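Keep the structure open while you read.

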Amino acid sequence: MAVLIDAGSTDPGAADALFELLSGYGVVSVRRAFADWTKQDLRPWFAKLRRHGIQPVHHFAGHHPEQALVALTIDAVDIARESAVDAVAVVGDLGSSLPLVDRLRAAGLHVLVVGPARTPHTLRAACDEFIDASTLTDASVSNPGKHRS
């Protein structure tokens, strides 16, 4: 499984519960988080990056705050074409990412989307599984000392 996170639109407080949940899907071989890592409000992510072995992928936001989401999309399509993963978890506020989900499913991948409750119904219907990100908090991890993914 590949896990691709739009860190700018994802609460780092959900990371432990997210990886605990994903451990039930098998081996997570690709772990990447996309953001403008120069932003101070992303500092809480740093400990989560180290703890879960997540590769930070940097893109300056500039005047285009969705630049990291575009990079995540390109990476997801590359993974679908070149990698041996059979599932992709895409995490973040992905309301405009219906074409990405459609493309990943057309490539034969199982697509899990983790996003906010306001995620459009069309995106929820297109993926194989949808998880409301607000249900994931570090407090919801049953055994925070155990790391299976």
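## Where α3 meets α4

In this predicted model, helix α3 touches helix α4 through L72, T73, A76, V77, A80 and R81. On the α4 side, the partners are L100, R103 and L104. Sort the residues of this contact by class and you get six nonpolar, one polar and two charged.

How do the two helices line up? Helix α3 covers residues 67-82 and helix α4 covers residues 98-106, and their axes come within 10 Å of each other. The axes cross at roughly 5 degrees. Angles under 35 degrees count as roughly parallel, so α3 is roughly parallel to α4.

## Where α1 meets α2

Now try another pair. Helix α1 spans residues 15-22, helix α2 spans residues 45-52, and here too the axes come within 10 Å. This time the crossing angle is roughly 25 degrees, which means that α1 also counts as roughly parallel to α2. The crossing of α1 and α2 is right-handed.

Which residues do the touching? From α1 there are A15, D16 and F19, and they meet W45, K48, R51 and H52 of α2. By class, this contact of α1 with α2 has three nonpolar, one polar and three charged residues.

Last stop: the second largest pocket, with a volume of about 150 Å³. It is lined by 13 residues, and those closest to its centre are S9, T10, D11, A133 and S134.

Technical notes. Residues are numbered from 1 along each chain as its sequence is written. This is a predicted model: local features need pLDDT of at least 70, side-chain atom pairs count only at pLDDT 80 or more; totals for chains, interfaces and linings use all residues. Side-chain values use heavy atoms; hydrogens and water are left out. On a 1 Å grid over the protein atoms alone, a cavity is a set of points where a 1.4 Å probe fits but cannot get out, and a pocket is an open set with protein on both sides within 12 Å along at least five of seven lines; lining residues have an atom within 4 Å of a point. Grid points are joined across faces, edges and corners, and a volume is the space filled by probe spheres set on the points. Axes are lines fitted to C-alpha atoms, for helices over the stretch in contact, and angles run from 0 to 180 degrees between N-to-C directions. Helices (H or I, at least four residues) and strands (E, at least two) are DSSP runs, numbered from the N terminus. Angles under 35 degrees count as roughly parallel, over 145 as roughly antiparallel, 65 to 115 as roughly perpendicular and the rest as oblique. A crossing is left-handed if the near helix is turned anticlockwise from the far one by less than a right angle, and right-handed if clockwise. Contact means heavy atoms within 4.5 Å. Ala, Val, Leu, Ile, Met, Phe, Trp, Tyr, Cys and Pro count as nonpolar, Asp, Glu, Lys and Arg as charged, and the others, Gly among them, as polar.
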